[in-house]
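Subject: Model handover

Hello,

Here is the structure you asked for. My notes follow below it.

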Amino acid sequence: QVQLVESGGGLVQPGDSLRLSCTTSRDPFIFYAMGWFRQVPGKEREFVSAITWNAGSTIYTDSVKGRFTISRDDDKNTVYLQMGSLKPEDTAVYYCAGGRSFGSRENQYIYWGQGTQVTVSA
């Protein structure tokens, strides 16, 4: 059984920064890639960013480019999502996921965390 555990969510003000973490319970190299998605109630879950474990290739959705950075720490089995210049529209539950292919589609990811709430409000 593989578990992904997110942490780091919270309530912040517009313009603030926040770092999300996702730790895997097993050797992360069982995944080719790790992704971050987010979901607002009543809307479909949307892709945010992804990274490959080996080469560290990254992709981002257009709305977060230049503001968010995804990274990984192999020693800690952890993927991070550093979020900066946060906006109210970034408010969502953020999920991390592990998959065996690299991309932005949900069906490329097999294992999912439970989610962590990020709220950006003045």
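**Strand β3 and its sheet**

Strand β3 (residues 18-24) is mostly covered, with 5 of its 7 residues buried. Buried means under 20% relative accessible area, exposed means over 50%, and partly exposed lies in between (1.4 Å probe, protein chains only). Strands here are DSSP runs of E, at least two residues long, numbered from the N terminus.

Two ground rules before you read on. This is a predicted model, so local features need pLDDT of at least 70 and side-chain atom pairs count only at pLDDT 80 or more, while totals for chains, interfaces and linings use all residues. Residues are numbered from 1 along each chain as its sequence is written, and side-chain values use heavy atoms, with hydrogens and water left out.

β3 has partners on both sides in an open sheet of 4 strands, ordered β1-β3-β8-β7 with antiparallel pairing. β1 and β7 stand at the edges with a single partner strand each, so one side of each has no neighbour in the sheet. Direction ignored, neighbouring strands of this sheet are turned by 15 degrees against each other on average. That angle is taken between axes, which are lines fitted to C-alpha atoms; angles run from 0 to 180 degrees between N-to-C directions.

Now the pairing itself. Two strands pair if DSSP finds at least two bridges between them. Strand β1 (residues 4-7) runs antiparallel to β3, joined by 4 bridges. β3 also pairs with strand β8 (residues 78-83), again antiparallel, over 6 bridges. R19 stands opposite Q82 in β8.

**L20 and the cores**

Leaving aside neighbours within four places in sequence, L20 is in contact with residues including W36, L81, M83, Y94 and V118. Contact means heavy atoms within 4.5 Å. L20 and Q82 are 62 residues apart in sequence, yet their C-alpha atoms are 6.4 Å apart in space.

The largest nonpolar core has 24 residues. Such a core is a set of buried Ala, Val, Leu, Ile, Met, Phe, Trp, Tyr and Cys residues joined through side-chain atoms within 4.5 Å. M34, W36, F68, L81, M83 and Y94 touch the most other members. Two or more residues come from each of β3, β4 (33-39), β5 (46-52), β7, β8, β9 and β11 (116-120). A second, separate core has 5 residues, among them F37, F47, A50 and A97.

M83 deserves a look of its own. Not counting residues up to four places away in sequence, M83 touches D16, S17, L18, L20, R67, F68, Y94 and V118.

**The disulfide**

A disulfide is a covalent bond between the sulfur atoms of two cysteines. The test used here is a pair of cysteine sulfur atoms within 2.5 Å. By this rule the count is 1. Which cysteines form the disulfide? C22 and C96 do, with their sulfur atoms 1.9 Å apart. C22 lies in strand β3 and C96 in strand β9, so the pair ties together parts that are 74 residues apart in sequence. The link is right-handed, with 50 degrees about the S-S bond. Both C22 and C96 are buried.

**Loops**

N77 sits in the loop between β7 (68-73) and β8. N77 has a positive phi of about 50 degrees, although it is not a glycine. S85 lies in the loop between β8 and β9 (92-99). S85 is not a glycine either, and has a positive phi of about 45 degrees. S85 is partly exposed, with a relative accessible area of 43%.

Q108 is in the loop between β9 and β10 (109-112). Q108 counts as buried, at 10% relative accessibility. The side chain of Q108 makes a polar contact with the side chain of S101, at 3.3 Å. A polar contact is a pair of N or O atoms within 3.5 Å; within protein, one must be able to donate a hydrogen and the other to accept it, and residues adjacent in sequence count only if both atoms are side-chain atoms. Not counting residues up to four places away in sequence, Q108 touches G99, R100, S101, F102 and G103.

Best wishes
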